[in-house]
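Reader: Hi! I'm new to this one, could you walk me through it?
Author: Happy to, let's have a look together.

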Amino acid sequence: MILQMKNIRLTREKNKILNNVSVDVPKGSFFVLMGPTGCGKTTLLRVAGMLDKPDFGEILFKGTSLPGKGKKLLQTRRKIATMFQSPVMFSGTILSNIAWGLKIRGVSQVEISRRVEEILTFVGLDGFAKRDASTLSGGERRRTALARALVLEPELLILDEPTTSLDPEFKRDLLVRLKEIHSITGTTFLMATHDFTDALAIGSIGAVMREGFIEQSGSMDDIMFKPENHFMASFTGLRNILHAEFIGSEAKVKHLTVAHAGLKHGSGFLAIPPEVIVLSLSEKATSERNRFSGVVQSIERNGTTWDVTVDVANVSLIAAITTGALNELAISPGSSVHLSFKASAVHLF
Amino acid sequence: MSHLLEAFSIALRMIITGDPVVFSIALRTLLIASTSTLAAALLFIPLGCLIHFNRFRGKRFVVGFIQTMYSVPTVFVGMLVFLMVSRTGPLGSMGLLFSPWAIILGEIVLIAPIMIGLTISALQGMGKGLEDTATALGAGRGTMILKVLTEAKYTMLTSVLMGFGRAVSEVGVAIMVGGNIAGYTRTLTTAIALGVGKGETASSIALGLILLSLAMVVSILVNLLQHGGRK
Amino acid sequence: MKKSLAVSLFLLAFVLAGCGEEPQPVETAEVEASAEEVSGSVAVEPMARVERLRVATTTSLYDTGLWGYLEPMFEEQYDVELDVLYAGTGKAIDWGRRGDVDVITVHSRTREELFVSEGYGVERVPFAFNYFLIVGPAADPAGLADLSPQDAFTALMDNGEAIFVSRGDDSGTHGKEKSIWASAGFDYDTDVRTAGAWYVEGGSGMGPTLVMANEMQGYTLTDIGTYLAYQGDLELVPVVDQGDALLNVYSVLQVETSRNPELSRALVEFLISAEVQQLIGDYGVEVYGMQLFTPCAGEDI
């Protein structure tokens, strides 16, 4: 672990911003901190970047507990660089902005020139060195800020919402570049985002926060496909979240019995991703354990696919199908359809 | 009207030919005001920094109080300093009353709130983001403060200039603790006050024009700096 | 904080490079003696350490230019910088009590005697006198001409419309005015100050008070010296100039707590010396065609 934060609590003006938060960031990972705006992500990043001191809790950097202040703290802090959500440029050129962190570390002028040039190419700002920092566009500012942090060759790079308020194409471009940089440098990245799609596109491991708590942490696959609770399920965009009574490998949703691959007793939730539900006009001979029939209630376009809402014994289930499939089925509201999905595709929480 | 025009033309002649009395008063005023400003800046810019960069109880109250003191009446400061430096006052033994030093002391007190307050606003104006950026790029506290000050230099210069502007144009302190002694503590403002009372219109106009142009130079510089700072 | 201090210093150096340069001494030797006197090179080196003596004077001796005339002579004779501070008698005496000045030249016998008897002043030394005047608009709306001072004040009170501008500043002239009101049978605080809008308390020196009376077309009590010095700018004419009540005696008093008793004593001696007494008597005669001050050293008035 490069960074471990244990039982972090932080209160500002009687608001509990961080309430007993523990996060471990493995070395070399691209760790994504997710959660809605105002959930405490930024504060947690500030604690991680050693900009704010928590009221309570312990921070370990590479297994060593951080000193409260002094030269030791500064030395550790200098192995971490943070890029803020809205980067502030120092007055002067891009060159002087990027060089500043190196200058205060006492790096030689020759070395500074070499590294700045290199990093400008790296972030795609060739020829920008002499530009005045106040003349930059939003995307260029972000890249300058990124260069300014990267040039320090930090062991941990913290990025707070690096893509907010960027045009979609810049956003995609920046994400791709970040991923590249991560794989080339091997630096550990700790990034906050409220955008789950960004997180999925780029992260390998992460945590989701809500109102100062960590709701769930682990690999991105687990976060995506094994939500631990209702909030997580809706945060990750899961649909068909149903309240159920669990008895072993079966779950009762109203009068419907849904088979699943787990073992669980008592009440809880299950979620059936709309993409896994297959629609057909006649009952198919299939190995899938969940087979139902119902009546189409509505058909709506959702991006490139169609959401077909089907009433199955008073339970509404949404199936996502392609335009081709829709045309082939030729269904409309009121049509009878058969649904099937694998037991293993059902998420329990 | 013709009387005024005549006085005005004499005044212009005084300025153009470099009337020694008028210019010695102007020079003395400059010297006193810039000494005050220098001393006030040396004392109060660091104090403003100290207040800005530290968290303490009642900080908001302190800053608010300082800002309300921007417009402290000059005669109030004059009275205060008079009572301090009069021979029966606590600083009486220093023999400062009716000397340029007393005016300087008074002007330092007078512009202290401006210096502290505008330093704080200048630093606040730089934003927490700047402090965080410097810190996040590996600056220790000292280096961070240094960086913020460097970024704030134009705005801070503005506050110094505004302090100078107030010092150079105030009359209450200079007359009460300086005593308007000819050739010693007579400044542009006190000389004008006396000159108008005595009906010496021409020299008063000459002094007034010099004072006005000083004030204008200051505000032009302030404008330029603010423009430059924004750029 | 050390670093921030260093930065502040740096910034200041930057600021003051522009305006803090030491000014080059200006040649002032050939400056003509004018109403606005420049005392040698002190003009451009206000921080110079030279021996200084402070005299607080009533405004009439200042506004007439008498002190400006005598100052350089004394300075040359004793090699000292004489700081002349002008104020009303009340303020001058207060400065004396506080020990902020070395010598005072004022004109209020009762207060001077009190000043000495309370141990603040060494001795009351009269050195010149002249007369007060009641001046007013040439039309004389209250009909004061040829009245005694007391009757003139009574007439003003009866008139109730014609404006009178009082110094109202606790000066010697103000004291004289109050004593005239008293001898005319009025209580100053209960009768005069509350008499109505016609009674104006100006609150400034003699010169500005004359200017004010002139602007308001009112009467005022003035010493003759200041009146003559300002006459050119005024439309006011003397209305009442007879009566013992109008006698105006200037005295010089050495302050007991003076830091420089010898020089203070020397200044008193200077004013009553035969040579200076002559100069005081002659002062202004050429300009105004009449005597402003009558020397009176040695007399008990």
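Author: One term to start with: buried area is the accessible area, taken with a 1.4 Å probe, that two parts lose on being put together, summed over both. Also keep in mind that this is a predicted model.
Reader: Thanks! So how much area do chain B and chain A bury between them?
Author: About 1600 Å², with 60% of it on carbon and sulfur atoms. On the chain B side, B:T133, B:A136 and B:L137 lose the most area to chain A, together 36% of what that side buries.
Reader: And how many residues are in contact?
Author: 17 residues of chain B touch 21 residues of chain A.
Reader: Which salt bridge does the rule find across the interface?
Author: There is one, and in it the side chains of A:R46 and B:D132 meet at 2.7 Å, N to O.
Reader: Which element gives the largest share of chain B's side?
Author: That is α6(B), with eight residues. The elements giving two or more residues there are α6 (128-136) and α7 (141-151) of chain B.
Reader: Changing topic, what is the strand order in the open sheet of chain A?
Author: Its six strands run β6-β7-β8-β3-β9-β10, with mixed pairing. β6 (80-83) and β10 (213-219) of chain A each have a single partner strand, so one side of each is left without a neighbour in the sheet.
Reader: Do β3 and β9 of chain A run parallel or antiparallel?
Author: Parallel, and four bridges join them. For instance, A:F31 has A:I205 in β9(A) as its bridge partner.

How values were computed
Residues are numbered from 1 along each chain as its sequence is written. Chains are lettered from A and ligands numbered from 1 in the order in which they are written. This is a predicted model: local features need pLDDT of at least 70, side-chain atom pairs count only at pLDDT 80 or more; totals for chains, interfaces and linings use all residues. Side-chain values use heavy atoms; hydrogens and water are left out. Two strands pair if DSSP finds at least two bridges between them. Contact means heavy atoms within 4.5 Å. A salt bridge is a side-chain nitrogen of Lys or Arg within 4 Å of a carboxyl oxygen of Asp or Glu.
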